[in-house]
Each structure stands twice: as C-alpha cells, then as structure tokens.
Amino acid sequence: MRMILMGVSGSGKTALGHALSARTGWPFLDGDDFHTPAAKAKMAAGEGLTDADRAPWLARLRAELLALPRVILACSSLRHSYRDVLRVPGAQFVFLHVPAELLAARLRHRSGHYAHLDLLPSQLQTLELPGPDEADVLTLHVTSQDAPDDLAQRVLAGLEVDHARQN
C-alpha cells in the first residue's frame, strides 16, 4: 500500500505521517522536501503555486511512490488532477478535513516553515474536495482534540491495515 496524506497547509499531514510510520515501520516522505527552492520561496511570499509550478514536483513524488511498495507520503494533493498523477498501483489517499478556523490557528503558531497563514486562502481556494468518483480516498474530519496517534489509529482502522509494524 502507498498511503498519501492530503490536505491544505496546517492540516497535520506531517505529524500524522510520522505517527503512521512509527506504527507501521513504513518509510515516511514529506512532499514539502521535494519542492524546489523557487517554489518554497514563492509560497513563503504568500503566493500559491500554479499547475506549472506543481507539475515537476508531482512527477518527482510519483517516481518516489513507484519506487517503494509501502510508503507514507504527505502531499497536499489539492486538485483531483494532482491526485490522478499520484494514483499509482496500491495508492490510497487520506484526506485531512480540518475546519478553516483550526487551520488558521495552527498556521499562526507555526514557525520554521515556509507555508504561513497568508498562504491559506489560496490553498483553500485551490482545494477540490474528493468526489464520489474517488473511492480511494478516506476522509478524516479533524478537530482540535485529535492527536496524531488517535488519527493514526483511525487511518489504520479505516484502511484495514494491520496495526503491527510491517516492514
């Protein structure tokens, strides 16, 4: 299985990815690490990326997914077409659906990351909620009370993944 954690900035993809990796033993890749310096600078300036900006990034992520039979990837996957690029054999998406107010609060307190609060409006505008034609998407409704370990438990149960470490 190739698990892709999706959602806008501040939704908790990275924290959940680490929690899932600890439970399964699968490698965790953070899509943020695959952005070019130019893309990171653009986002740090509060500008959303264009489809042209994202295309090479998505291609790199697809190659990483294909290289690993079991992997957890944190990637915003905001548009249906982006998810289509990442739909490799065994891909399963987990959409972290977080209220905008909680996202804003998280981003206000985030430090050391290029994606700041001023990027949130463009992310929410770009987001295409998973539709009924996307049966490979598990949606998690996230509240401020949900800890990464709790969410990891819900993901593993929802995807029917054995909770024991799988190498």
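Student: Which backbone atom lies 2.6 Å from a polar atom of the side chain of Q123?

Tutor: In this predicted model, the backbone nitrogen of S9 is the atom that lies 2.6 Å from a polar atom of the Q123 side chain. Q123 itself is found in helix α6, and if we leave aside residues up to four places away in sequence, Q123 touches V8, S9, R54 and L78.

Student: Is Q123 buried or exposed?

Tutor: A residue counts as buried when its relative accessible area is under 20%, and Q123 has a relative accessibility of 7%, so Q123 counts as buried.

Student: How should I read a helix such as α3, and which of its residues are buried?

Tutor: The general idea is that an α-helix has 3.6 residues a turn, so residues three or four places apart point the same way. In α3 the buried residues are R54, W57, L58, L61 and L65, and R54 is also one of the residues that Q123 touches. The helix covers residues 51-67, 17 residues in number, and from its first C-alpha to its last it reaches 24 Å, close to the 24 Å expected at 1.5 Å a residue.

Student: How many bridges join β2 to β3, and which residue stands opposite D30?

Tutor: β2 and β3 run parallel and are joined by three bridges, while the residue that stands opposite D30 is A74 in β3.

Student: How many of the residues of β4 are buried, and what are its pairings?

Tutor: In a regular strand the side chains alternate between the two faces of the sheet. β4 is mostly covered, since six of its seven residues are buried. With β1 it pairs in the parallel sense over five bridges, where F93 in β4 is the bridge partner of I4; five bridges also join β4 to β5, again running parallel, and there L96 has L140 in β5 as its bridge partner.

Student: Which residues have a positive phi although they are not glycines?

Tutor: Two examples can be set side by side. S77, with a phi of about 45°, lies in the loop between β3 and α4, whereas E160, with a phi of about 55°, lies in the segment after α7. S77 has a relative accessibility of 1% and therefore counts as buried, but E160 counts as exposed because its relative accessibility is 74%.

Student: Where is A135, and how far is A135 from V85 in space?

Tutor: A135 has its place in the loop between α6 and β5 (137-141). Exposed means a relative accessible area over 50%, and A135 has 74%, so A135 is exposed. From C-alpha to C-alpha, A135 and V85 are 16 Å apart in space, while in sequence 50 residues separate them.

Definitions and conventions:
Residues are numbered from 1 along each chain as its sequence is written. This is a predicted model: local features need pLDDT of at least 70, side-chain atom pairs count only at pLDDT 80 or more; totals for chains, interfaces and linings use all residues. Side-chain values use heavy atoms; hydrogens and water are left out. Helices (H or I, at least four residues) and strands (E, at least two) are DSSP runs, numbered from the N terminus. The expected span of a helix is 1.5 Å times one less than its number of residues. Buried means under 20% relative accessible area, exposed over 50%, partly exposed in between (1.4 Å probe, protein chains only). Two strands pair if DSSP finds at least two bridges between them. A polar contact is a pair of N or O atoms within 3.5 Å; within protein, one must be able to donate a hydrogen and the other to accept it, and residues adjacent in sequence count only if both atoms are side-chain atoms. Contact means heavy atoms within 4.5 Å.
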